[in-house]
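Please read them alongside the model.

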Amino acid sequence: MDALTDNASAILDGFWLTIQLLVVNGIGALVLGTLVASLRLSPVPVMRAVAGLYITVFRNTPLLVLIVITYFGLPEVGIQLGFFTRISIAMSVYTSTFIAEALRSGVNAVPLGQAEAARSIGMPFTMTLTQVVLPQAVRATVPPMASVLIALTKNTSLAAGFGLAEATFRLKGLVNDYATERWVIFFGIALGYIVIVEVISFGAARLERRWRVA
Amino acid sequence: MRKLRTIRLAAVAAAAMLAVTACGNAGSSDDEASKNTYEVVKDPSFESGSRMAALNEAGKIKIGVKFDQPGVGFKTATSDTPTGFDPEMGKIIAGQLGLEPSDIKWVETVSDNREPFLQKGTVDLVIASYSITDERRQVVGQAGPYYVTGQSLLVAKDDDSIKGPDDLKGKKVCSVTGSTSIATVEEKYGAKPAGFDTYSECVDQLKNGSVDAVTTDGAILLGYAAQAPDELKVVGEPFSEERYGIGYSKKFPELCQFLSDSIEKSFTDGDWKKAFDATLGKSGSDAPETPKLDGCSN
């Protein structure tokens with residue numbers, strides 16, 4: 001256990017950075033993803049096409065390749081950013097495509113008849129959207145959103161090889177220094193990730209319960 | 001051109017990450033295999049039942065080396081055998097077992113898998129810039145040291161703010177994720193660690209100004225400085241002592257005496273210096289004093 005207790009502050013620093021990556025990229029991806037989803041659902045064909053292209057390109061490119069482009073491509077064209085910003089650009093863009101698709105599936109899950117019924121009792125458009133369609137749509141997106149955020153949590157570990165001293169970086173350092181306690185180290189770091197993921201799962205379960213139709 | 005470079009780097013990084021191997025083709029292409037030959041003992045006699053006798057009998061040996069450290073252990077994508085000081089030592093040891101260089105199967109080891117490879121028998125020996133530590137000696141055997149080096153710093157040519165490790169406080173210092181070097185600069189000198197998968201990626205980040213210094217064993221840094229003398233320089237005295245040893249499985253403790261004797265023999269008959277001059281010596285440094293071996297009592 002010495003490997004974990006002696007290095008507790010380094011490990012906690014690592015997880016703190018992991019959480020920062022998660023929060024920044026989670027918010028970044030939510031904002032970008034909502035934007036892309038609204039374009040994708042818009043009645044204007046050009047907007048739909050642009051959003052479709054964005055999703056096709058960035059969802060089908062491995063995250064690692066996107067990261068490498070921001071790390072080795074941007075400096076070549078004269079854009080100098082910190083490591084955290086660079087990897088966040090790649091991760092937010094990549095994750096936003098999954099958020100956008102989750103949102104779209106949620107909106108599509110609301111039967112058309114709901115909107116028609118709302119209109120037939122005289123609800124104006126904005127009211128139809130905010131009172132009828134969106135609440136149902138958002139409820140349907142909670143489970144896939146949680147999955148996307150959990151995937152993001154684990155994807156942040158790629159940062160270990162890109163200049164950020166997050167949890168997996170600490171894992172690799174400790175594994176080399178403590179040859180006799182490897183399983184303890186793996187178990188300890190894995191536990192940290194499980195805790196983060198469980199918090200997300202728990203939050204999602206709470207939301208589902210709260211928004212459940214009685 | 002720019003696009004091609006990005007794609008190449010992407011491919012390198014992807015291969016490195018996904019296969020958990022660091023098989024970058026970065027580094028100099030003038031790392032040609034040395035033309036050195038070493039003595040191959042005819043019909044050596046070993047105690048029957050010993051590991052040495054078994055290896056001699058089998059007529060082959062598996063040696064784990066690094067594939068990504070110029071001058072130390074390096075293999076380009078196009079060559080069949082790795083080059084560097086460690087592979088040369090491997091040939092010397094194999095010769096003492098009565099094995100030709102062609103009888104050696106080279107296996108790539110990275111820092112993380114050296115102990116498991118020895119324990120599982122994936123390799124018979126590890127000669128992979130493998131620093132001797134007490135912690136490692138609890139799980140594997142390490143004979144040697146056959147080479148002693150020290151951690152140094154590589155910085156941009158026009159950077160005068162870093163003259164030694166004491167100037168590193170708050171600076172971004174790059175090294176391979178999980179290495180001892182990166183832990184040292186963080187814990188002892190207060191540097192901000194930046195880990196990448198290979199040294200060549202670190203050197204790239206240093207060249208584009210994203211990090212302030214690259215740190216690892218001096219020998220490796222000299223190789224990179226030699227490739228870009230207008231952009232990079234190695235500064236300061238080495239500030240740690242890394243003692244490279246030859247790793248073997250604890251199941252065969254008799255290997256220790258054999259390895260120590262073979263290393264000692266290469267010190268005295270000049271093979272060791274020959275190996276050094278053909279590899280690390282090419283960066284312009286002279287062969288250092290031969291280190292004193294630890295002995296096999298532990």
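1. In chain A, 74% of the contacts with a separation of 6 or more are between residues 24 or more positions apart. Two residues are in contact if their C-beta atoms, placed from the backbone, lie within 7 Å.

2. This is a predicted model: local features need pLDDT of at least 70 and side-chain atom pairs count only at pLDDT 80 or more, while totals for chains, interfaces and linings use all residues. Residues are numbered from 1 along each chain as its sequence is written, and chains are lettered from A and ligands numbered from 1 in the order in which they are written.

3. Chain A has nine helices and zero strands; helices (H or I, at least four residues) and strands (E, at least two) are DSSP runs, numbered from the N terminus. Its C-alpha atoms fill a box of roughly 70 × 50 × 20 Å along the principal axes.

4. Of the 214 residues in chain A, 34% are buried, meaning that 20 or more other C-beta atoms lie within 10 Å of the residue's own, C-beta atoms being placed from the backbone.

5. The contact between the chains takes 24 residues from chain A and 31 residues from chain B. On the chain A side, helix 4 (63–73) and helix 8 (167–177) are the elements that give two or more residues. That side divides into 14 nonpolar, seven polar and three charged residues. Ala, Val, Leu, Ile, Met, Phe, Trp, Tyr, Cys and Pro count as nonpolar, Asp, Glu, Lys and Arg as charged, and the others, Gly among them, as polar.

6. Chain B is divided into domain 1 (39–148 + 244–283) and domain 2 (151–235), with bounds from an automatic or database domain assignment. The C-alpha centres of these domains of chain B lie 28 Å apart.

How values were computed: A residue is buried if 20 or more other C-beta atoms lie within 10 Å of its own, exposed if 12 or fewer, and partly exposed in between; C-beta atoms are placed from the backbone.
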